[in-house]
Structures are given as C-alpha cells and as structure tokens.
Amino acid sequence: MSGENGKRAHWRSLDELADTPEFRELVSAEFPGLEEDIADPATRREFVKILGASLGMVGLTSCRWPKEMILPFASQPAGRAPGVAVQYATAMELCGATVGLLVTSYDGRPVKIEGNPLHPASLGAASAPAQAAVLELYDPARSRQPVRREGGKEARQSWEDFDAFATPHFNGLRASRGRGLAILSEASSSPTLARLRVGLVEALPEARWYGWEPLSRDNELEGARLAFGRSVRGVPDLSRARVIVSLDGDLLAGHPDALRLAREFAATRRGDGGEMNRLFAAEPVPSVTGAAADHRLALAAGSIPALASSIAAGLAAHGVAVPEALRKPARALDARAERFAAAAAADLAVARGRSLIVAGPRQPAEVHALAWILNEALGAFGATLRAVDDPDGDRESHVQSVTGLAGRLRAGEVETLLILGGNAAYDAPADLGLADLIGRARVSIHLSLHDNETSRRCAWHVPRAHFLESWGDARAWDGTVSVQQPLIEALYGGRTPLELVAALSGARVESARDLVRATPTDGSGSPLGEAGWRRALHDGVVEGSGLPPVRVSVRAEAAGPVAARLGVGAGRGTEAVFLADASVHDGRFANNAWLQELPDPITRVTWDNAALVGPATAAELGVRHGEMVALTAGERSIEIAACVVPGVAEGVIGLPLGYGRRAAGPVGDGVGFDVYPLRVSEAPHAVKVDVRGLGRSYVLASTQDHHAIDAIGMEERGRRIGELIVEAEWAEYRRDPDAIRRERHEPKPLALFGELEYGGDHQWGMTIDLSACIGCNACAVACQAENNIPVVGKKQVARGREMHWIRVDRYFKGSPEAPAVAFQPVACQHCENAPCESVCPVAATVHSSEGLNSMVYNRCVGTRYCSNNCPYKVRRFNYFNYFKRTSQVEKMAFNPDVTVRARGVMEKCTFCVQRIESVKIAAKNERRPIADGAIVPACAQTCPTEAIVFGDLRDPSSRVSQLHRHPRAYSLLAELNVQPRNRYLAKLRNPSSGAEEA
Amino acid sequence: MATVPAVVDNSLEDPRRRAPLVLGENDFTTVTEKVCAIAERPRPPREWYIAFAISASLAAVLLAMLGHLFLTGIGVWGLNMPVAWGFDITNFVFWVGIGHAGTLISAILFLFRQKWRTAINRFAESMTIFAVICAGLFPAVHVGRPWLAYWLFPLPNQMQMWPNFRSPLLWDVFAVSTYFTVSLLFWYVGMIPDLATLRDRATTRIRSVVYGILSLGWRGSGRHWHRYERAYLLLAALATPLVLSVHSVVSFDFAVSQLPGWHTTIFPPYFVAGAIFGGFAMVLTLLIPIRSYLDLGELVTTRHLENMAKIVLATGMMVGYAYGMEFFIAWYSGNPYESFAFVNRALGPYAWAYWTMIFCNVIAPQLLWWRRARTTPWMLWGVAVLVNVGMWFERFVIIVTSLSRDYLPSSWGYFKPTWVDLLTLAGSFGLFFMLFLLFLRFVPMFAIAEVKSVMPAGGLEIGPHHGHGQYWGEIPHQHDRQFGEEGA
Amino acid sequence: MSEPRLSVVAEGPKLYGLLAEFDSVGKLLAAAERVREAGFTRFDAHSPIPVHGLDEAMGIRPSRLPLLVLGGGASGLGAGLLLQWWTNAVDYPFMISGKPLFGLPAAIPVTFELTILLSALGVVGGLVVANGWPQFHHPLFASERFRRATTDRFFVSVEAADPRFELETVRGLLESAGASHVEEVED
Amino acid sequence: MTSGSPPRLLFPKWTNWIRPALAAVFVITPAYLVLLVWLGASPQSTDVGYAPVQPVAYSHALHAGELGIDCRYCHTTVETAAHAAVPPTQTCMNCHAKIRTESPKLIAVRESHATGMPVPWVRVHDLPDYVHFNHSAHVKRGVGCVECHGRVDKMEVVTQVEPLSMGWCLDCHRDPDARLRPPDAVTTMDWVAPEDPEAYGKQLRVARNINPPTDCGACHR
C-alpha cells in the first residue's frame, strides 16, 4: 500500500542522480497528470486491463514494501543536514522587472518558492507564475542538449560540438568587428548584462542589439518622453492614495510591481484606520483590478483616451490647474461614461495630493502623458507617485526595434542572429513574418529553456539554464537590484545570456558568478565588497540599489499634441483587445501544468484561452458560449472559442495571448488558440475584427459553473450571493460597524448534546478578508506546490474533478453589462461540528485536539461520503492515480513533508498541518512558546494582500482571535451550526456618494 | 378430495364464500408433479438456454467492468466533485429495495395469515436473495480502495483502530449483511421439505445425493414438523422488523446527512414503502411471464395477481404521497436551500429524470384502480415494468439531483454517466437474472408443502392450527369445500 | 414369550419397526392418537404437509425454541452495545463532529441488527440441533413406499425399540386404525 | 412417478457421523483462521527481526558497545532534525584513515571515500511514507534510543526489534511514563531508572510538560 505513495530519496548530488539510466528513461517519460486517456476505452492497454481484471483483483494485496536505500554523502558539506529544509534568497525576472524570492530547498532540491519579505517588489508575496517556477525547473520537456538544424535535418549535439562551432565563429565576428551580427534579446534589467553589452559594443561596434517583449510597457515610457522629454518610469505608492483612477490600468495584477501595489491597495480597503481608498477603473475586459474597483466602467480600449480627456475637463471644472488645451472633453461619450468621468473627477479634485491616475500598457502614449500631466496638477508627485529614471531609458520601443530587425533580415544584412531567450517566432507582430525571416540569417542561435517555435527556426538551439540553476542579477520596478543565485546544479547543463554575451565579446570566459560579482550594483560604482555581497545573497536585495526619485516637470508644449490625439475616435466595428493571460502570461509558461490548470480569475476557465465577449455583444453577434468563432482582421484570421463573460465592454472581444503553442512541450502544445496572428506591429494592443460564428461548439473546462446554468439556477444563485458574500458600504459601516453583525445575526442553534471540549494547547483558526482579497489565485498555486496537489488535465477538470484545495469562488452581481465582482477563497472550513467526520465509516477524517479537521489519507477507503456531506464541497477525491506517470525528475518537486496521495483517497486543506507540526516541534525542542504568526499556511504566506490570517484562537490577543471577533467577521453557512474555524470578513465597497454605480 | 374446475374465477373477495387458492383438477399428487416436473426436466427448454446465455454474458460484462474499475479507479465512472455518488449507490438502494418484497411476502403476509402468499413466497424469497447479492456488491466496489473495504468491519488490527459506529455507512454494513443472512436462512429452512420431496422423487444418483444432502435427512416427521413450524414462525417474526429496519437504515445514509434533499425525516417510511412497491413490481415482472410460459395459472391464480396489484397500487399511493409531502415540507419549512432542492428536482437540469419517476411511480399505477388492469396479466406486467424503471429513477433523482446542486452555487456540477456506469448497471441485472434462472432450473419454484397445506385435502376436521399456511381461529377449508362443491 | 422373538431377531437382520401408510390426514390423526393412547412413546407420524392437531394427537410437548430467540436476542443486544461503546468510547476514542463519544441514538441501528441476527441464528441452530440434522441415513428411507411421505401419503411408524412393542399387536392396532398398508422396516 | 423409478439411493449408516464432525468443524476452523491471521499478519511477526545484509559489515556491538562511541558521534542530527542522519563516509574515515587502514571489511568505505560515491546502506527501520516521524521531538523529550531500536550496542548486525506498528506507537503515546528518561541519558543503552520507572517517568513528564499527541495529524500529514 505504501508503495503507492511517493518515496523520499536521498542522493549525493544531482548529476549522480542524473546519471542513473532509469532517471534518463523517466525524464523522457511523458508528462503526468493528463489522465484523459485513462477513462478512454478505446486504447488497447485499456482492453487488456479489462480482460486481466479478475486476476488484478486477486493481486491487490500488500506485503513488506520494497527495500529502501540510504545514500549518505561521502563527505558532507558543512551545515547540510539531510531532510532539513533550507531557504535561499533569489529573484525571478519577468519582462524586465524582478520579484525577490525565498526558495525552500530539501537535500539540495528546491521544492517551494515564496516571496522575499525584504524585497520591495515582493514584501513576502509571490505571484502564481513565480511559485510555479519550481515546476518549470523540473519540467522534463526542457531541452537538455544543443540542437543543430540544417536543411530540414535536426541533430542533438553535445556542448563540445556547440563550443567547437561557437568559439571560432565568435572569434570571426570579433575579427569583423561584429559586422552582420544582430542580437535579439528579451527584456532584461540585469545590470551585469547591461555592463556586458557595453563591453560588447566596444568589442563589436558594428553589431546591433535589438529587444523584443510581446507585453512591454513602451507606451508608458513614450508617454513620459511626451510629457517630460525624459525617459522616466512612474512608481506609484498606493498606501497614501485615497482616490485612484485606473485607465485600463493593471495595478493589481499585470503591473511589474503588482504585489507591492496590491499590498498597499488592500491596506486601506479594510476600513479599520478610519480611512478607505476608492478605486475607479475603466477597462474593456474585466481584470483583477477592475474587479476590485468601487466603480468599474466597461469601455472599449479605443474610447478610454476620450474618457481620460473628459476626466481632465472635469478636473479643470473643479478648479484643478489643468493646461488650457485639456480643459474641454475631446469628444462626447455615452451617459454612463460621462457619469463615471464626472464622479472620478470630483473625487480626484477633493482628494488632491492624495489621488492618483494610472494608465495601462494597452493605452497609447498620449493617455500616459495625460496621466502624468494630471498627476502633476493633482500634486501626486512625491505623495502617491514618484518618477525614477528608466534604467534602459534611451532604447527604442520594442515594436520599432523588432521591426527594424525584420527589415535588416529581409534586406539580408544579418549574417549571424543571436536570440537571447524569448520566443519571437511565435509572439512577434504577425505582419513582420519574423518566423520566416530568421532563416535569412546565415547563422542563427537561440538560447531558451525549451526547444520552442523560435528554436526550430534557428540553426542552433542552445539550452538555457533555469533561473533557479544559474547566477544572474536583475532590477525590480523601483530599481532595487537582486542577485539571482542558483539553488541546484543545472539539471541538464545550460547556459545563461550572461555567459553567451561574455563569450561573444571575447571577455576572458568566467563563470556567471564572477560576471555578476564584478558588476557594480549599489550605485557606488564599484562591485560589492565581500560583506556586501554576502549580505546581498542573504537578504536577496542589494542595499541602496533602488533608483533615486527624479524631479520632473511637464513641458508646457506637451499638452497641445496630447489633447489633439486624445480625440481620435474609437471607430466602427468590433474591437479585439489583446490581454496578458493570467496563467501563461505571453505564452512562456505554456508548458507549466500548474499554471495551465489554474483557473482564470474572472472566467474560471482552465487549460484554454477564449474570445471573451459580453452577453449583449454576444447576442448582437449571434454567438453562443462555447461556440467557435472566426475573427478576421484584413487578410488575417483566426478561429477561437467564444466565452461569454459579464462585464466585457460592448463591441469588445478580449483575446488572452499565449495559447495555441506548437512547440511548448507535451503540456502546452495545442492548448487553447493562438491569437498572435491578429496582432500586428502598428496595432499591437487592439485591432478591429469581423466576427463570424461557426456553429461548432467547443468544451471550455471551467472550475465554476461547470455547465451552462439554467434559468432557475441563475435565479437561485442570485438569491444566495448576498448570503454567502456579505457586503457593506464603507459609509454605512463607518457610521455603524455592528450593522453587519446585526443584520446577519448568526443565531447559535441549540446543540443536541453538550459541545465537545477541545483539549489542545492551541486552537487553530483562520480568517479571510473579502475586502482585501483581489482574486489573484496566488494562494491556489502556493497550496498546490506546498501540498503536492496533482494536476488532472482538461478532461478531468471538465468533468468537475479539479484538485485545488483552495479555490477562489468568483461571483457576479448586478447587471450583466456592468456587474460587480466578488471573490471568495474557499478551503476547508475546519468546522468544529464537521459534517464530514460523522459519516466516515472508518474514521479517516476526525478532529484533532487542536480543532483541526484532519484527513488521514492512509486510513481513507474512499467512500466519498464525507464530500457528499460537506456543505462547502471543499473535499477533493483522487479518482485516478494522478501521479502514475510522474517522472523521477518531477518527483523532485514533491514536498517531502506531505504525503503523496494514492488513488481512491479523499484529500483536502489541512491548514498546512505539516507547517504547524514542524513549528510546534521546534518550539517544544527549544522549550519556548509559539509566537503569534510563527505558523503560516502556504496560502496565507503568499497572499499579496494579507487577506488570509491564521493563528491560535485560544490566545485572545492573537491576530486571528481579534479578527474572529471583528465586526465584519461572519461564518459561511453559519445557520448549519457546523461552527467553522474559518471566518470571513465582510467585503467593504466604497462607492462615491455622487455617482450611482457606473 | 374436493377439487375445483379451472373455469372458476377466484379473484372475487367474498368473506362468506372463501375462494380456493388452487384451481383445476389438482390434488397433492398433481401439485407435486406439476411443480417438481419443472425442476426435474432432464434438460430445460431452448428458451431457458437463450435467456441464460444472455444474462450470463451480461454478468460477465459486470465482472469485466469491475475489473476495469479496480485497475483504473473510480474515475471510470462519471462521478465528479459535487456528485460523488451516482449509479453505484443508486443501484445499491434499488436492489436492496427489490429484495424487500420477498421478505415482506414470506414474513409479513405470513404473520397476517394471507394464505395466498404460499403460491408466490418461494419465488419472492429467492428474488430477495439474488437482489441482495446484487445490492451488496455496490457498497463493496464503490469505495476508492476496495482492497481495504474490510476496514468497515470491526476487526482487531495493528493500527488498533475501529470503524466509526456513528457513520450510517457502517449501519448499512450491519443491516445489509444481517438482512442477507436472515433471508438466506429463511429461504433455506422454508425449502427443506420441498428439497426432501425432490430427493424422494430423484431418479438419478447425483440428484438424490445432492438433494439428499440439502434436505438434511427430512422425513416429514411429526416432531420435526412441530419444531419446524415454530421455528418458521419465529423467523417470520424476526424478519418482519428486520425488513422494515433495513430500508430505514439505508434511508439514514441520506436522512442523517446535511444535504438539502437528503436531510428529511420522511425518508424511512418513504423508503420502506418504496421498497415494497418496487419489490412487488419486480415479483410481478418475473412471475407473469413464467406463469404463462409454464402454464401455472392454477397455482398462481388471477387472485394472486390481483392481490399483488392491489399492494402495488396501495404502496404506489404511499410513495406518491411521500413525493408530495417532500415538496410541502420543503416549502413549509421555509428553508430556502431545502425548497430550492425540490424546485430544482422538478424544473432543474434533471427534470427529465424526475418526471420519468413521477410518470412511472405515480401515474402508471393508477391504471390498477381498474379491475381489468389488475386481472389482465399483460397490462399488469406493463405497469410492473414501468414501476421498476420508476423506482430506479427515484433513487437516481434523490441521490444525484440533491448532490449536483447544494449550498454553494460555485460548486454546483452535473453528473453524466459513462459507458462503464451503464454497463455496470446492465451487468447487475445480468447477474440477477442469471441467478434467478438457475433457481428456476434446480429448486422447486413453489413452496410445495405450503401450497398443499392450503388445499382442501390439506385441511382437517378438528384441532387448532398454528402458522404455516393455516390460520388460528379460522376454518377456511369448509368454505373451500362448499365453494368447491357448488363450483362443481 | 420373549424367547422366540429373540431367536427370530437373532436370525434375521434387526427390526427397526412397523411403518403404516394412510391416505388421508384424518386417518393419520386417528392412528396417531390410537398409538399414543396405547401407551407407545417411540413412534412417529410422517406427512408431506404440517398436519394440524398432530402434535396433540401425538402428545408432543411445546417446543422451547422461543427461549433460544430470547437468548440470542439478549446476547445480540448486549454484544452490540458493548462493541460500540468499548471500541468508540473506550479503546480508541475519536472526536467526531463534536458529538459525544458514545450516543445511544447512533448505536441503535447496529445493536438492533445484531439482536435480530443472533436471534435468527439461535432459532435455526436450535432447529437443526433439536431435529438432529443432518441425518442422511434413516431406516425408514429403506421403504420404497415411504418415498411418498413427502408427496401425498401419510405414515405412522412405531419403533421396535419401544418397550411395549409387539409386532402383531402393533400391526393389528395400525391396520384397525385404517392403514392402507403396513410393512416391517429393518434397521 | 415413483413407480418405475430405480430403487432409491440410500446413504450408508456412517454418514450420520457427519454431525459431530460438523460441530467440530464449526468450532475449530474459525478459531484456526483467526489465530493464523492474528499471529501471521501482525507486524510483530512480519517485521520484527528484519536484519538485511549491509554493504559494510559494520558492527554496532563493537563501536557503540565495546568502544562505547556515543550514538550522536555518527547520527549527528537526532537532536535537531526529523531524520537521524546516517553518517557520511567522512565520519568513518576520521578514525579509519589511521586505524585498520588495510582491513578488507572496509574496502567499500575506502572506495566511497576515494570515489565520492555513497555507501548504499539498507534502511532497517523503515516507516511507510505516510508516517512522518521526528527524531528530535522524541530525543529531546527523553525517549531513549533503546525504546525503539533496542540494544543496538549488542548488535553485530542491526536488527529491527520492535514492530514499529501504529498500535505500538500509540501504546507509548498514550502512556509514555515508563519510557521516559532524562534527555541527557537518551543514548545510554543500559540506563535504568533510579526508582520505579512509571513513577520516575511521571515526574519527568510533569516537570517537562510532555504530552505526546494522539492526533492523527501528529504523524500523518
């Protein structure tokens, strides 16, 4: 029986492990979790199974489990104890901005990624992709050897082969001063890379450096140039902001600094400090930011400039010093938009000096410029916003850059094309046809984790070392530098951009570590001293490396042209807006099963992207939910499934990027639909399309509303939401905080028998603050990583068998066109009178003396009765052996402190009992009490907004006890008298008294 | 010995003129001959073989499906997270229900001295045994790790753990296994004299050995009869509360839970009524074709059919009442979750199942108010079959619709059966019919001794009576005789 | 007078007794009564159906099976309660849904089932033992006519082992009671 | 029907002996089966005495016993970590670089030291993976090594002496007194309580506020 559970293995070092033949074989094994075919009768294997069945039933007996080996180190590194977790600080860069991380490592293998509390862009939180990086590290589909492609033939090569080619070639390039050399790099904020670039330019003056990032913030930079004539970036500070206006902005999710911004945003949403901020959001497609807004306006991206100018006009009317040119609205908008603009302007004006306007990367430069202008007028600088010099300010925009490269390739001026990371062949603007142009270069080299679409166009694919395997450094949005240190010896070898560039520039080939070590990062102009270096590695941040704020002021002549361009009409036809996908971002994470299975915060769809359409627009276009549609822009056209979502602006279709990959790996290939073909260089953010329903329908695997809900279901859901998600308006709450408790009054139902006494020294409990939760899903991935939760695949999700222990329920309220969104994370409520327990015939789920509802996997026989009797339906059942085909390398991602569940076993949230126990044991060993906050479950640990609080209810002064007594606290389904240990804090909204819900 | 011509219609209930239960030119000899002949045929007719082949192969399919299930996991069924029970428990409850008619006919009717039971009780009891076998199968295989199902029994083990006796599932374990054991004893004890008859009529060595062993050496001794009757009476007295308890306990699986649509106090009586309803329907479904095929009209008379029809009608009304009452209570309780559960049943995604159930269980039986329907075998059979379908859907509706939409709309789901679900259901029928055909082939399908004892010649002039087909204080045989003479 | 019979017995196989066949319930009852009144104790009646009044006619004492039911039931009840209380409340108590470790309501179903089960086993066990089952061999089976005892004929058998047994008198007694046929059965 | 049929088969007299035989069967068979399973399947008989052959004929009797090396010299992490680390080859070589440098018994060790490849020890005390045992928690509370591992100092080949079954763990977790000792004496193999172990252990338990959990989550996570 125990054989079904994952075995903990010890080994000396990874290369030793990697040498065992079964390791190689296992590594090459198929990716697990995608169990579709298990239920599929067709396969021969299945048929044989059925035949052998009767025998199989006999063979199911357990005897002594297989002999286990203990392989101690031959000589043990100092301070390394087997099976003891160690945390290291490192950093993950995404699109040129970094989040500092703490990585937990067992026996030299990283198993869990968390945010680095000392890092300004993390503050202890980590985004879903960052946490899922550990799975990316162990992805067996990562390329292991250089690949050479020539005349349609492809050949695996050794590193020696590559060097044998590269060294002379690079020497040749240096000899020719880099003539015909083009380097295409993904966005990078690495000071070391910058340093090496300088060296490169010296060595190869004729080489050209290009940058491409499909989701760039170029417009923001452009806007700054427009407004100030200087390349600055804005670093918002929401902690002081009372009124925030987001123009298609992505403050809380997409923004490079989102984790910090979310923390600051939520800090003033709880209504405790006697203060609460107010967020106005105008956006074409509902986003996490829009969902958190007090006033959300669904508006086509093309109309947002006009809205911005209306707001400017409104401000002027309220006596804000708005430049002359901007005092009149550019053009008329519909009533809702006008009301929204008026209300926003009014509040902004009132909160002068404590207000902020932000524009999103989808918006054109002029909107950003306007935002800068208005922020200055509102006195935001130094208060809610600070400007810093963009570290790479003088670069041209990514679109220009890649267009330029395409031009030179077409002209045949590129001899050697070196592509550092990225996947340009897949995500570059479709009109450039870059994929085909790459071939024009005589030699093309692509450095990437996977042998992806771009690699397949190149003569050479060079495996890239994962950031958890390699040295590097990078800057956070505010400029803070973190050193990226490896947690593990590179599993499959691999190079880093730093090494390649160094090799190219002919610098004495050093280890990446030395390259990083030699870079001055703390602004002192000289490399860190030994102490500073060690400190930087330990803390994960280089002290004093943050970019200093710069004093900027708007150029008088800026206002005119801005105003002129704001008026440009949205034009006719349906507008297709390109979105960063919450899971796979621009497609780079497509082969990460955790992210693929992570439901979209708004649509709750997994394993797919879809054309997001509002109900009204869908009706107009005659498109059903789940129907395939053809989108045509000029001669470009794609087919994609439609997904009807409330809150998408009229005449808008949202197209998440990053799906329909063809060379992502076994997990990501063919998942979803590739929308890049519609994306062209002159309109990288939104295009006009013709929509045609194709009649065919397509299964979208959603974790909520598993099937289209019928009328009575809808009606009932509407009736219940008020009960499930308690909301209050800030104004009333402030007047009378107890109103919530009073109106909801949770009567204590009479107990049939004396309440059971819990003997434990501690009584664990949790609260989840719905005012703070922004529905970002970070908790779900944290939980998945911490608790070895299996990935089940699209078919299983579609059947309703997803395994997430904590799910973020999303509810819409109000009209389908302008719905209010509420999120409610639901995990096991650890009821004191847990209904699941009394029905289990084998006592596999019982209560602990500390009030935990324990689920004992090895006792579970799988009657599933507990789940039937659970009012919250938070229990998850292993319908199959979801780890059956997990390869050895993926097993390295398992958390050894958590049992890997067998098939036929129920599982659920445990409040991270393994963390509780380890802290308890440690404390007891040292004979000291457990401090409040010393125990943090994975979900609470990573929550960017600290919405989840865990602690000891027996200690009346603990944070969780106080929150349990909080006037906003309520229990879900309290009337059932199950006495949940997890209480929710009612959601506060702060609508402006002026405008009615826009 | 007085006999009655077959033409007499004995289905009239006239207290003054008690009709005989066996028609035609029959005495002990001929009755014995008629019944035994069926089991003694050297080889059954082709039809039997065809039927057996079909049901046996279905049973084989069941085996294959279970193998597939054991090797692959519960996921081969259509279950998902809100709906963690589907066909498995539906089939379980359905089959247990079927079982009940057997015990009811043999025990309760016995205690109520309904002598007409004698013609059908063997039949019904056998049906019980086979149905309970099918039923018992499902709880055993529905668990995620069947090889550990023995943990449901209180066996000492190295974990020093015991099952949780607060769980209704554990009550099921005890109820069903007790029910099976007692029914089996009841069935076998009732069969001993008839097995002896077969033994004494045996013409081949193998038959006399087998029946000789099975009949335990029965020789009709007066002293044996004396104890035997007492024992049978006691068993009946024990089986009666048992049969009521078993389906009540099964209903606790639902009634004791939290789930809207399950959590109702009406379940125990409602389930018992439903069980009797379905059980009798199944008896009729099986009996009517066999009766006509083997031409047993003289033993299973129209009166028998009509009596059963009446019970079906009565229990059908009870079930219908329960359906209505559920709705009333759901509304009257003012509990929004409860009311929605029922609105959802009738109008939600599973409305089709609900209305199938209503049509089969409430509408169809209304035909039986009409005497023609009760006394015309094919009509009665039609109704019975519908009721069987309806009762399966009743369980499906209760289990699946309630689960598919409970408290949090976010976790609502929809259950779609897979091919494995369907084949498993079909397979369980295969197993049931296979066993039943074997029974027809090798065991006297009527309780010969009992039938005889309700024949005129079985009566006697003097003495009080106890049990076994005869009745205290009542003197039926005189009536029979008069009636017989008039009829002649 | 016992002399000759001894010799008779000595030469032939041992006599089990006399078996008289009757063709109706009535005759059977009458015969049984006669035999009993004649003071025989080791005799028996055989019939294909339970004949009512036969126990009086034969003077059979009421059976003690009900006591077994009582015994079985009582032990089932006790065992059920004890099992549940000891396992769940004493030997390995779990905290379940905040319920008491042992609550009578929850214990009723299992207790009840066990009560029924043991009672039923008691009855059947008692029946089997009291009737001396399984008894595959019995002298009467040797009689060809006796085969109809389970079909449509009624018999009275008087054992030679009965102290009052006298071949001729018994034969006379049985014939006068309306036996359609009387035969000697050997052991 | 009966007429014309062949003379019936009669069971011979001896068949009546079946009765006492059956009685016997009904009593003996179940008793036998119960005993068989009870004794046969218990960890007491399946696991106790497990003594796999190790790659190196390391004698605890010699090192821990005669030489009296403290357990913690090799198993360094017992007091701080969940795992009681099996020592790196380094530890062996600390002494064997000088002592018995030529001994054939030590070939595997020297090899490992030379190549850097580990010595593949066979795990003796192997709990299922769903059991999370923590050495430090026990050692720090004063549960002697002996309690679970037996007199290792007398073992030529390490052998499992306790069933290590759940029930066995529970016995102690429910009533630890008799098995507690002062933490500094945990590695003393031949330690004996100064007074009645029960009473002495009770004092220790109360004094150090030791209350072993019996919650499932304590071991199963």
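**Figure 1. The interface of chain C with chain B.** Chain C and chain B bury about 5900 Å² between them, with carbon and sulfur atoms giving 68% of that area. Please keep in mind that this is a predicted model. On the chain C side, 66 residues take part in the contact, and on the chain B side 68 residues do. How many salt bridges are there between chain C and chain B? The count is 0.

**Figure 2. The interface of chain A with chain B.** Here the buried area is about 6000 Å², and 61% of it lies on carbon and sulfur atoms. In all, the contact draws 72 residues from chain A and 70 residues from chain B.

Figure 3. Between chain A and chain B the count is 3 salt bridges.

**Figure 4. Helices H12 and H19 of chain A packed together.** H12(A) covers residues 365-377 and H19(A) covers residues 559-566; their axes are 9 Å apart and the packing angle is about 130°. The two helices are therefore oblique to each other, and their crossing is left-handed. H12(A) brings A:Glu366, A:Val367, A:Ala369, A:Leu370 and A:Ile373 to the contact, while H19(A) brings A:Ala559, A:Val562, A:Arg565 and A:Leu566. Sorted by class, the contact of H12(A) with H19(A) holds 7 nonpolar residues, 2 charged residues and no polar ones.

**Figure 5. Helices H9 and H10 of chain B packed together.** In chain B, H9 (residues 302-333) and H10 (residues 336-347) pack with their axes 7 Å apart, at an angle of about 140°. That angle makes H9(B) oblique to H10(B). The crossing of H9(B) and H10(B) is left-handed. From H9(B), the residues in contact are B:Glu326, B:Phe327, B:Ala330 and B:Ser333; from H10(B), they are B:Glu338, B:Ser339, B:Phe342, B:Val343, B:Arg345 and B:Ala346. By class, the contact of H9(B) with H10(B) has 5 nonpolar, 2 polar and 3 charged residues.

Figure 6. Two spots in the backbone deserve a look. Most residues other than glycine have a negative phi, and most peptide bonds are trans. The bond that joins C:Trp133 and C:Pro134, however, is a cis peptide bond, with omega about -10°. C:Pro134 sits in the loop between helix H5 (104-130) and strand S3 (154-159) of chain C. As for A:Asp107, its phi is positive, near 45°, in a residue other than glycine. A:Asp107 belongs to the loop between strand S3 (97-106) and strand S4 (109-115) of chain A.

Figure 7. Where in chain D is D:Gln54 found? Its place is the loop between helix H2 (43-46) and helix H3 (60-66) of chain D. D:Gln54 and D:Pro120 are 66 residues apart in sequence, yet their C-alpha atoms are 8.1 Å apart in space. Setting aside neighbours within four places in sequence, D:Gln54 is in contact with D:Trp121, D:Val122 and D:Val124.

Notes:
Residues numbered from 1 in each chain as written. Chains lettered and ligands numbered in written order. Predicted model: local features only at pLDDT ≥ 70, side-chain atom pairs only at ≥ 80, totals over all residues. Heavy atoms only, no water. Axes fitted to C-alpha atoms, helices over the stretch in contact; angles between N-to-C directions. Helix = DSSP H or I, 4+ residues; strand = E, 2+ residues; numbered from the N terminus. Parallel < 35°, antiparallel > 145°, perpendicular 65-115°, else oblique. Left-handed = near helix turned anticlockwise from the far one by under 90°. Contact = heavy atoms within 4.5 Å. Nonpolar A, V, L, I, M, F, W, Y, C, P; charged D, E, K, R; others polar. Buried area = accessible area lost by both parts, 1.4 Å probe. Salt bridge = Lys/Arg side-chain N within 4 Å of Asp/Glu carboxyl O.
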